[in-house]
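Please go through the following briefing with the sequence and the model side by side. It takes up the ligand site and then some backbone features.

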Amino acid sequence: MERLSHFRQGNRIGGEGNGPPRTFAQKAIARAAGVDSVEIGEVVDVRPDVVLSHDNSAAIGEIWRQFGQERVAIAKRLAITLDHAAPAPTTRHAQNHADIRRFVQEQGIRNFFEVGRGICHQVLSEEALVLPGQMILGADSHTPHFGWLGAFGAGIGRSEVAALWATGELWLRVPESIRIDLEGDLPPGVTAKDFALRIIGDWGADGGLYASVEFGGSGIEALSIDARMALANMMAEFGAKSAYIAADGKTLAYLEAGLELRASEGTVGDAGQWRLLPDEGAEYSATYRYGAAELEPVIACPHTVDNVVPLSEVAGVRVQQAFIGTCTNGRLEDIAAAAEVVQGRRVAEGTRLLVIPASSMVLQEALREGHIEALVAAGAAIGTPGCGPCMGNHMGVPATGEVTISSANRNFRGRMGTKEAEIYLANPAVVAASAVAGRIADPRSLD
Amino acid sequence: MEIEGRAWKYGDNINTDVLFPGKYTYTAKGREEIAGHALEDLDPAFAANVRVGDLVVGGRNFGCGSSREQAATCLVYNGVGAVIAESFARIFYRNAINNGLLAIVCREAAQAIRAGETVTVRIEQRTVACAAGCYSFPALSATVQEILDAGGLVEQVKRRLALTGPAS
Ligand code: SF4
């Protein structure tokens, strides 16, 4: 609870200051637009602090070349990862990577992350490339991920990224904000993933359509950094434009470690210097309150993320593949939870368990802590940090007729490469328990 | 201006994975290849039979999911005249507009249109007409209109960069 007191400087609370109370989204967009304030619904041109792209960077480069520029206007603000089909599964994919590397070299893009470094959202978080209050626009739909650290992150298309490379500017409409409060601590076995799925199940895959989803409450403060990332990341499946969790002491400690990593670049500074908080009394289009104690493990059933049921309702469904990874749930906490479940057990015959850490740093920590050892001993296959089979490119796509239980964020028909496969989404401990049981299972009641 | 074509009607939450499968996003290049995979996992008959001017009609949250732009360009490259839906996922909406594809938010029309029937969109009048009736849709924001008028975002940016003269 001490967290906000000394951060509130410069953020008007209650009746002080000028003008009506503002949402986080209003403040962050005003900052990026270089104006004092913006109104909900207003369209403004913003200059994002960071522009993210990944394996799609070659395609973006082709669009950008139409502008006839020799140099990207904002090379320092670009961040490019090779993660979606990495290591390259085919020669065509390898060619795509080669084109990107050539562009990166030509343009002197410093924030470039090679095959194996990890998934864009995780890597940029670890490297503290985005700080609280800043804006990141990314050619990736899960860019609301950066809400975990109190930044404004929104996904955009390839043409828009190309336009940003050329001009540094893009139009945004100031969204309505939805406020979601979580009070109390999550019960054992219930995770931020379950909370996110519960929200999406309750209000639908378009329940947060277009909105900035702004979290608060003691339950959010209690969440670990890894859990906050999972929650903000999942808001893409709620239709949200962006997500927001206030940066607190935990956030700043994490980011400062990242800044230290890059100390040689002279980037060390106050990670909280641009932090923004919503004003009390800000205008929300909806406000939802959840009591953490009432939450339970849930599953999103095929083929939509809002097809959410309690775990007990689908326990027993046979699974051929269990996958732990992705930008939603491929972090240390997730891998630790899985390792704990499989410790002293074996993956069931007829089922395979894939574990793909979200980044090289996660992999190193999981190695140091013995989680990888425990998982491999139980029969898991470990993959190169990156997106893995999440979007059906490679490294563990299912066969037709197979069922996958996954810690990812999407279970759309065809998502993992064939429309003849079913995907169930769950928290990582449930995925691990299901791998051991060969059926969807509750880790709290494994034999 | 008028767009007239047959309606290809689908339901709620049509996602980008069924509009354009993820496995092709880093390799499919060129208009024809992209057009050929359109709606592959939703309606295999679409790419083979769609005609220039046809309309794609969806329910709520059309285009949810990935940011992949081919979910919109695969329709453009097949000559789709417009997309009509009760609501659009925001990145799909931006991608459509940025590629000069008119995305019309009109709940009544989206619900009333029957699969396969002929639909007429009158852009200046902002109406959608089908057998069940004629429905109006709201004006686009000035920013969106400017991009559409320029023929898409790339053209608009070119103008902004003063690399091309004003469009005729
Ligand atoms: S892990 Fe999956 S959802 Fe996340 S960025 Fe990669 S492909 Fe997208």
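By class, how many nonpolar, polar and charged residues does the shell around the ligand have? The shell has four nonpolar, five polar and two charged residues, where Ala, Val, Leu, Ile, Met, Phe, Trp, Tyr, Cys and Pro count as nonpolar, Asp, Glu, Lys and Arg as charged, and the others, Gly among them, as polar. This is a predicted model, in which local features need pLDDT of at least 70 and side-chain atom pairs count only at pLDDT 80 or more, whereas totals for chains, interfaces and linings use all residues. Residues are numbered from 1 along each chain as its sequence is written, chains are lettered from A and ligands numbered from 1 in the order in which they are written, and side-chain values use heavy atoms, with hydrogens and water left out.

**Ligand site**
- The residues around the ligand include His84(A), His121(A), His142(A), Cys387(A) and Arg415(A), a residue being near if one of its heavy atoms lies within 4 Å.
- Domain 1 (2–10 + 21–273 + 281–291) and domain 2 (300–445) of chain A both contribute to this shell, so the ligand lies between them; the domain bounds come from an automatic or database domain assignment.

**Backbone of chain A**
- Most peptide bonds are trans.
- A cis peptide bond, however, joins Ala86(A) and Pro87(A), with omega about -5 degrees.
- Another cis peptide bond, with omega about 0 degrees, joins Pro302(A) and His303(A).

**Backbone of chain B**
- Asn13(B), a residue other than glycine, has a positive phi near 55 degrees.
- Arg126(B) likewise has a positive phi, near 55 degrees.
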